[in-house]
Amino acid sequence: MRPVDASRNSRILLGAIVILAISMRQATASASLSGYREPCTNEGEEVRISMPCFKCICKNGFVECEQESCPAVDDCYIYKKKGPDECCDKCIGCLYQGRHIDSGTEWTDPDDPCMHYKCVSGVVTRSEMKCYAPCSDPSPPRKGQCCPTCLGCRLNGQKVLGEATLSEDPCVKCTCSGHKLTCTKRSCPVLQCPLSKQIRTPGECCPRCNDRREEIHRGSPMCILGKAVHFPGKPYHGDQCSNCTCQNGTSVCEKSTCPILECALEDQQREPGECCPSCPMPAEFRSTCAAAGKVYQNNETWSLNACTSCECRAGEVRCANIQCPKKKCGPNETLLSVSGECCPRCVESPAVCTVFGDPHYKTFDGNFYSFQGSCKYQLTADCVGHTFSIRVTNDARLTKYSSWTKTVTLKLEGVKVNLGHRMRVKVNGTRVEPPYRLNQTLDIHRSADGTEVIVETALGVKLSWDGLNFIQVQVPTAYKGKLCGLCGNYNSIFRDDLFTRAGLNMTHNVWRFARSWAVGGPKACTRQRKKELAARHPQCKTKKLYPLCKPLRTAEVFGRCNSLLNPDNYFASCKFDMCECPHRQCYCDSMAAYAHECVRQGVQLPDWRTLTGCSRNASGLLPPAARAGGGPLLLLEPNAIDAGILQQQLPGGNSIRRHPKRLRRPKLIEQREQGQGLELDLPLHLTHDRKHHKLLHHPLYRKQQLQQQQQQKQQQNNIPLQPISGNRRTPPPLQR
């Protein structure tokens with residue numbers, strides 16, 4: 001994939017308005033978007049669109065939109081339908097003392113903070129709050145407050161962090177603020193719907209209307225309450241506890257607040273015609289409580305679960321329930337239930353940086369870019385605490401414009417891990433075989449399918465390497481804002497990932513950004529500086545292999561993931577990789593990276609390697625048949641390849657074909673069990689070239705030349721000579 005075009009950046013990243021091909025469907029109480037989703041690159045940022053009522057962000061390469069939250073209409077009986085330019089249906093409000101008040105609004109009297117008001121769907125309920133002090137020595141209320149406070153936010157043995165209620169009286173709300181607990185009880189608002197349309201959910205304080213009707217435009221200022229219509233000047237009852245009057249089309253009701261009860265719900269009694277329930281008189285004073293087959297002493301507390309705790313008080317079991325607020329998590333967050341905690345919380349997922357193919361990089365913050373440098377670079381490091389660093393070495397492999405990751409080096413305090421070709425692993429310079437564990441610092445093992453080496457550290461840093469060119473680095477959220485390198489700074493901001501070592505933002509100059517993180521000097525580069533500069537502007541002369549990338553957009557292969565994760569960046573990377581591919585299957589690198597990301601998103605994929613022809617042998621690994629019969633494992637160096645017309649026959653009849661652009665002399669391979677050399681049958685037209693090959697000085701070659709010279713002298717002089725022992729046939733050097 002080529003670096004992102006600047007003009008496209010300005011349209012998508014910095015544009016104030018993104019035009020989406022969507023249409024609006026009007027519904028009775030909701031709106032929705034339809035059409036196709038626009039791709040985006042500013043991962044995690046808000047995207048402005050020209051349509052109201054929707055909030056959009058860039059998530060997984062797509063513009064994800066959802067309707068903005070509307071006010072709750074659960075208590076509404078009569079609602080106002082939204083207009084053409086409005087986003088939500090609304091409950092009808094209240095007209096009180098010359099002011100229009102939205103439904104759901106609560107307020108108190110400035111002169112009397114205990115007098116509470118609430119407007120719900122055309123009805124204003126006025127009531128006096130009751131106070132509850134769960135401690136023995138509460139502090140008096142401050143100016144402007146109604147109720148006293150208790151130091152330390154504990155209620156019946158339960159630690160209150162936000163809001164809690166009493167199980168025997170759900171209308172008592174206790175809130176913690178500044179390590180002080182305040183408990184109040186407010187009366188339920190008078191509802192406009194009839195009693196037959198009201199429902200009460202167990203554990204909730206107040207009933208709700210389970211039916212709604214659209215507002216009827218009334219000519220006169222009448223009030224609708226229940227099944228009756230009321231006019232100004234005549235009082236009426238809203239329920240058993242309230243008296244109401246009609247004022248300017250709004251029912252204004254005075255309601256009594258029931259006292260706070262300390263007996264269990266099943267023991268509470270309501271006399272006929274009474275407004276509030278009451279507790280029966282205790283027969284005698286009790287100093288113990290019985291609950292769930294256990295006996296508790298007075299003032300003893302116990303926990304039922306993470307959300308509920310109880311206390312024995314004067315023989316009565318008093319329990320407190322934590323109320324969990326509704327939470328909405330961000331793009332990179334997951335709502336998780338933490339052991340020992342009542343309410344779930346949004347937990348930020350670990351950040352992941354991915355490198356694959358002809359190197360394409362996806363930073364911790366989701367920035368996608370490509371860089372074909374052929375030197376050693378700092379991939380990422382802790383630039384604050386200096387607890388770890390990861391470096392990569394790129395190899396040009398004799399190409400003009402391309403490069404691939406060759407080795408990965410992880411440095412911790414006192415530990416150095418080198419990951420090389422074919423998943424070779426060294427720890428502090430010593431070759432090790434996974435699984436390998438170093439005290440509590442390091443754990444090295446292979447993935448379940450054996451395709452990757454995984455390095456896990458005690459710091460929480462996790463490194464995956466497939467032995468070819470795929471790298472994935474995962475870091476915990478503790479490193480947020482502390483990292484630097486080619487993987488970005490990990491601060492959840494997409495736009496500032498490409499900062500150089502000197503602190504310059506090079507968003508529009510990827511090469512200058514990446515070269516600033518080079519380490520090791522010119523000796524670490526596999527391409528000369530002039531050729532390195534030429535790689536900034538890669539050229540693709542062949543496009544006939546592009547169809548190999550189409551499975552990224554095929555429903556049979558990645559269809560389950562395409563709707564969740566945009567494949568456009570991976571498709572563009574795939575096409576670029578095929579321009580100068582040394583083994584015709586470079587498209588598999590982009591597919592492997594896309595498959596990894598799909599699995600992280602929780603998508604279960606089919607056997608995509610079989611469907612796309614991306615076997616594990618695509619990049620030069622010998623097939624299992626080459627090792628059949630219990631013979632030794634024959635490995636070729638990645639650069640020891642033939643010239644297209646040259647095939648090396650291996651035991652079992654298998655052969656390996658190599659691309660001519662990776663032409664180098666073959667490495668001599670020995671069969672250890674038989675003690676014999678493996679003969680290479682080379683075409684006769686491949687002549688010696690001292691300029692490019694050093695094989696002429698190999699002892700076996702010189703031995704063969706000496707034998708040939710002796711045979712020539714024997715033919716000339718007809719003198720029988722004894723041939724020099726040895727049965728290895730050394731191949732002549734290859735010509736570039």
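1. Let's begin with a term: accessible area here is what the Shrake-Rupley method gives with a 1.4 Å probe. On that basis, the chain has an accessible surface of about 39800 Å², and carbon and sulfur atoms hold 50% of that surface. Keep in mind that you're looking at a predicted model.

2. Now for the overall make-up. The chain has 736 residues, and 43% of them count as buried. If you take the contacts with a separation of 6 or more, 52% of them are between residues 24 or more positions apart.

3. On to charges. Side chains of opposite charge can pair when their charged atoms come close. Searching the whole structure turns up 15 salt bridges. One of the pairs to look up is arginine 186 with glutamate 106, where the closest N and O atoms are 3.2 Å apart. This pair ties together distant parts of the chain, since its two members are 80 residues apart. Arginine 186 sits in the loop between strand 19 (180-185) and strand 20 (198-199), while glutamate 106 belongs to strand 10 (residues 106-108).

4. Lysine 118 is found in strand 11 (residues 115-120). Its relative accessible area is 18%, and because buried means under 20%, lysine 118 is buried. Leaving out neighbours within four places in sequence, lysine 118 has contacts that include Glu106, Trp107, Val123 and Pro189.

5. Glutamate 204 and arginine 208 meet through their side chains at 3.4 Å, N to O. Glutamate 204 is partly exposed at 32% relative accessibility, and arginine 208 is partly exposed with a relative accessible area of 29%. Arginine 313 pairs with glutamate 311, with the closest N and O atoms 3.3 Å apart. Here glutamate 311 is buried, at a relative accessible area of 12%.

6. Last, have a look at the surface. Which residues gather in a patch of positive charge there? They are Lys376, Arg391, Lys411, Lys416 and Arg501. One of them, lysine 411, lies in strand 39 (residues 404-412) and counts as partly exposed at 34% relative accessibility.

Terms used
Residues numbered from 1 in each chain as written. Predicted model: local features only at pLDDT ≥ 70, side-chain atom pairs only at ≥ 80, totals over all residues. Heavy atoms only, no water. Patch = residues over 30% accessible without salt bridge, like charges linked within 9 Å, V, L, I, M, F, W, Y side chains within 5 Å. Salt bridge = Lys/Arg side-chain N within 4 Å of Asp/Glu carboxyl O. Lys, Arg positive; Asp, Glu negative; His and termini not counted. Charge placed at Lys NZ, Arg CZ, Asp CG, Glu CD. Helix = DSSP H or I, 4+ residues; strand = E, 2+ residues; numbered from the N terminus. Buried < 20%, exposed > 50% of the residue type's maximum accessible area, 1.4 Å probe, protein only. Contact = heavy atoms within 4.5 Å.
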